[in-house]
Amino acid sequence: MVGYNTGHLSSGVIEVVCGPMFSGKTEELIRRVRRSQIARQKTQIFKPSIDDRYHKTNVVSHSSLSIEAMPVKRSMDILGHLYDSTRVVAIDEVQFFDEFIIPVIRKLARRGIRVICAGLDQDFKGHSFGPMPELLCMADRVDKIQAICTVCGAAASKTYRKNLEESEAQILVGESDLYEARCSAHWDSHEQDQDLLAFTLSLESKAKVEEATHKEGQL
Ligand SMILES: [Zn+2]
């Protein structure tokens with residue numbers, strides 16, 4: 001078997017942790033990184049340099065867990081900074097990377113590396129974020145986790161942006177000053193959703209009127 005220099009072929013694994021803001025994605029990424037470090041697997045952590053909340057070189061979760069990470073501008077820079085001995089690569093805020101993150105991750109996995117990615121699956125409008133759709137398709141394992149709706153306390157899959165009048169841009173890096181986790185019912189930035197909500201409400205009130213009329217009829 002010319003070309004194969006090892007007795008066995010180890011294939012890499014692509015893992016994605018996604019969900020809205022405040023769902024604990026970074027915490028989960030850090031948890032997995034810590035475990036691989038305990039197992040003494042050489043681990044490298046990257047994050048896009050666009051995201052400089054809290055700390056310039058650390059990946060920090062909302063609950064203040066942190067781990068050292070290398071900020072990179074372009075996806076390709078990950079390959080440039082990779083050590084030969086690296087067995088695990090973690091990428092936080094993966095939704096902010098350019099489209100080349102897909103071939104970069106594929107290449108890492110082909111080298112036998114375990115790739116752990118964390119990122120927002122949807123933007124505040126509910127549209128898919130950057131490279132996430134393709135990444136979720138090619139992943140071997142996907143965990144979509146939920147936050148808690150700030151309005152009703154139910155499980156939340158959406159990110160709601162406050163102060164919409166300030167900017168409509170998809171990328172506006174911020175924290176709880178700008179964003180909240182919301183359940184679908186309390187996330188209503190779409191006009192059509194408001195229409196749908198109004199429709200549901202009008203059906204509800206219609207049912208109430210009918211109920212009342214029915215009761216009146218019984219009296
Ligand atoms: Zn809610």
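Of the 219 residues in the protein chain, 30% are buried, a residue being buried if 20 or more other C-beta atoms, placed from the backbone, lie within 10 Å of its own, exposed if 12 or fewer do, and partly exposed in between. The model is a predicted one, in which local features need pLDDT of at least 70 and side-chain atom pairs count only at pLDDT 80 or more, while totals for chains, interfaces and linings use all residues. Residues are numbered from 1 along each chain as its sequence is written.

The secondary structure of the protein chain consists of five helices and 12 strands; these are DSSP runs numbered from the N terminus, with at least four residues for helices (H or I) and at least two for strands (E). Six strands form an open sheet with parallel pairing, in the order S5-S2-S6-S7-S1-S8. Two strands pair if DSSP finds at least two bridges between them. At the edges stand strand S5 (70-72) and strand S8 (141-144), each of which pairs on one side only. From one strand to the next, the twist averages 20°. Within the sheet, S1 and S7 pair in the parallel sense over seven bridges, and valine 17 stands opposite alanine 118 in S7.

Helix H1 lies across S1, S2, S6 and S7 and runs at about 165° to S7. Such angles run from 0 to 180 degrees between N-to-C directions, and the axes are lines fitted to C-alpha atoms, for helices over the stretch in contact.

The largest nonpolar core has 41 residues, and those with the most contacts inside it are Val89, Ala90, Val115 and Cys117. Among the elements that give two or more residues to this core are helix H1 (25-38), strand S6 (88-91) and helix H3 (101-110). The largest share, five residues, comes from S7. A nonpolar core is a set of buried Ala, Val, Leu, Ile, Met, Phe, Trp, Tyr and Cys residues joined through C-beta atoms within 7 Å. Alanine 90 touches Leu29, Val33, Thr43, Ile45 and Ile116, not counting residues up to four places away in sequence; two residues are in contact if their C-beta atoms, placed from the backbone, lie within 7 Å.

Another alanine, alanine 156, is found in strand S10 (residues 155-156). Alanine 156 is buried because 26 other C-beta atoms lie within 10 Å. Residues up to four places away in sequence aside, the contacts of alanine 156 include Pro20, Gln146 and Cys183. The C-alpha atoms of alanine 156 and methionine 21 are separated by 9.4 Å, although these residues are 135 residues apart along the chain.
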